[in-house]
Amino acid sequence: MPDQSPNNARPYLVRGQSAADGWTLVRDGEAPSGAAAIVPLADWLEAAPSDRLAPWLPADTELTDELAARLAEAPLIAIDFPKFTDGRGYSLARLLRERHGFCGEIRAVGDVLVDQLYFMTRCGFDGLSLREDQWLEDAQRALGAFSRAYQPAVDQPEPLFRRRDRERAEARKEAPAYA
């Protein structure tokens, strides 16, 4: 049975570890309670800045420089995946990390499946709020499914061939010289 905390029925991982989720996801038309809340972007933009209020971005959000500057104030940013086949959230996370330098938590919410987690972390997600029917044990296993990645990404900006070239050069420097 999936792990369920009292505040959130969804299994939740932060940097690959199971964690209690202190935030409540508020969808359109709902009123946030007194607890820390993740609210729709439009509601967050209208509210006074607070460390207990965070935005969730719909997949079709246009991430302008002005919006990114405003999002830098957020304690965390949630990106919604309306369907597991919708990949626009990956691009939003990568843009937030690489182009706009966001250092806080970026959380995947919505239709988040175990099969996607490894690729989400490569794009810059560090908080993963899984769909209710997903298992934490499977999620943690999926995060460790690959030992190395060839392509550069947010989590490893140097491609594998460059890492190997560097390692070989270092090994040659350390090798004894023969006369």
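The legends below describe close-up views of a predicted model.

**View 1. Overall fold and confidence of the predicted model.** Residues are numbered from 1 along each chain as its sequence is written, and side-chain values use heavy atoms, with hydrogens and water left out. In this predicted model, local features need pLDDT of at least 70 and side-chain atom pairs count only at pLDDT 80 or more, while totals for chains, interfaces and linings use all residues. The protein has six helices and eight strands, which are DSSP runs numbered from the N terminus (helices H or I, at least four residues; strands E, at least two). The average pLDDT, the predictor's confidence in each residue from 0 to 100, is 88, and 93% of the residues score at least 70. Over residues 1–7 the pLDDT is below 50, yet this stretch has 17 contacts (heavy atoms within 4.5 Å) beyond near neighbours in sequence.

View 2. Eight strands form an open sheet of mixed pairing in the order E2-E1-E8-E7-E6-E5-E4-E3, where two strands pair if DSSP finds at least two bridges between them. Strand E2 (17–18) and strand E3 (24–25) are at the edges with a single partner strand each, so one side of each is left without a neighbour in the sheet. Strand E1 (residues 12–14) pairs with E2 in the antiparallel sense over two bridges, and Leu 13 has Ser 18 in E2 as its bridge partner.

**View 3. Helices packed on the sheet.** Helix H3 (residues 88–99) touches strand E5 (53–57), strand E6 (76–81) and strand E7 (105–110), and its direction makes about 160° with that of E6. Helix H5 (residues 136–143) lies across E1, E2 and strand E8 (127–129), running at about 35° to E1. Axes are lines fitted to C-alpha atoms, for helices over the stretch in contact, and angles run from 0 to 180 degrees between N-to-C directions.

**View 4. The largest pocket.** Its lining includes Arg 94, Tyr 118 and Gln 151, and the largest share, four residues, comes from helix H4 (residues 117–123).

Notes. 1 Å grid on protein atoms, 1.4 Å probe; cavity = no way out; pocket = protein on both sides within 12 Å on 5 of 7 lines; lining within 4 Å.
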